[in-house]
Amino acid sequence: MSTLTQRSSGLVQRRTDASRSASAADRERGSGDEDLEPRRSDEQEDDDSGDSKETRLTLMEEVLLLGLKDREGYTSFWNDCISSGLRGCMLIELALRGRLQLEACGMRRKSLLARKVICKSDAPTGDVLLDEALKHIKDTQPPETVQSWIELLSGETWNPLKLHYQLRNVRERLAKNLVEKGVLTTEKQNFLLFDMTTHPLTNNNIKQRLIKKVQEAVLDKWVNDPQRMDKRILALIFLAHSSDVIENAFAPLLDDQYDLAMKRVRQLLDLEPEGESMKSNTNELLWAVVAAFTK
């Protein structure tokens, strides 16, 4: 309580000092500074905009960040789900950016997993990994399904002629993106027989905002209707679960909150993707990826 009082009094003091300074400045300069305040607020908006652009993360980066150990700077050695999960992230990210879509379902109403992925636009995204995946999908004839693309981009295929589709060093490349955005740093760690490049967390604020976003989606801001949820948040919850990293976001919660959050995640997982994809204002490819991981 005393801390809140101190913060409030400090805020009042800062406002009072600012008002006195502004009054003195007005007396000295007269009316010549009337436009100064709008300019300042424009500059502030520019700064905020620049900051949000700098720290805007893709779905792949968000899932990887949830999976990384803060101090150690690497994902769990036992997590064998994150590789395919990251490929699912790429497909949904490209769909949300208007680059990919599913083929028409046709008169016989093909299932989501039977429909092919089609390139809607080949305009560059500005992300090397996304553009690499987009080029593979655009150049492949006949088109492949969502399930096939997750396997091909992961390198999980028995066909040696299709091994060139594999996107290599995805986690390392995503970690380097996060280093460039000021979220992680790069270090070398010795593991007895070999050295490994690791990426410990440097900007905890960004990770905490991400964790809070996931928690609020299934707690304080829960709407009990996937059609009313933000598509990016909805995709993040599904993909974090498929990548086996969602519990990292819920670990700080109290037991009751944790149980409620997991219960609501299970509610989402129990949804029928075919039915949800037929509703208005939906993204069919998003639900096709969900179907691929929950079938």
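**Exercise 1.** In which helix is E62 found? State also whether E62 counts as buried or exposed, and list what E62 touches.

*Solution.* The model is predicted, so local features need pLDDT of at least 70, side-chain atom pairs count only at pLDDT 80 or more, and totals for chains, interfaces and linings use all residues. Residues are numbered from 1 along each chain as its sequence is written, and side-chain values use heavy atoms, with hydrogens and water left out.

Step 1. E62 is found in helix α3, residues 59-67. Helices (H or I, at least four residues) and strands (E, at least two) are DSSP runs, numbered from the N terminus.

Step 2. E62 counts as buried because its relative accessibility is 6%. Buried means under 20% relative accessible area, exposed over 50%, and partly exposed in between, with a 1.4 Å probe and protein chains only.

Step 3. Leaving out residues up to four places away in sequence, E62 touches L57, L210, K213 and L236; contact means heavy atoms within 4.5 Å.

**Exercise 2.** Describe the largest pocket by volume, central residues and lining.

*Solution.* Step 1. The volume is about 500 Å³. On a 1 Å grid over the protein atoms alone, a pocket is an open set of points with protein on both sides within 12 Å along at least five of seven lines, a cavity is a set where a 1.4 Å probe fits but cannot get out, and lining residues have an atom within 4 Å of a point.

Step 2. The lining has 21 residues, and T55, R56, L57, T58 and K181 are the closest to the centre of the pocket.

Step 3. Two or more lining residues come from each of α2 (36-54), α3, α7 (170-180) and α8 (204-218). The most come from α8, with four residues.

Step 4. By class, three lining residues are nonpolar, six polar and twelve charged. Ala, Val, Leu, Ile, Met, Phe, Trp, Tyr, Cys and Pro count as nonpolar, Asp, Glu, Lys and Arg as charged, and the others, Gly among them, as polar.

**Exercise 3.** How many cavities of 30 Å³ or more are there, and what lines the second largest cavity?

*Solution.* Step 1. The count is two.

Step 2. The largest cavity has a volume of about 70 Å³, and the second largest cavity holds about 30 Å³.

Step 3. I92, F238, L239, S242, V289, V290, F293 and T294 line the second largest cavity. Of the elements, α13 gives the most to this lining, with four residues.

Step 4. By class, this lining has six nonpolar, two polar and no charged residues.

Terms used: Points joined across faces, edges and corners; volume = space filled by probe spheres on them.
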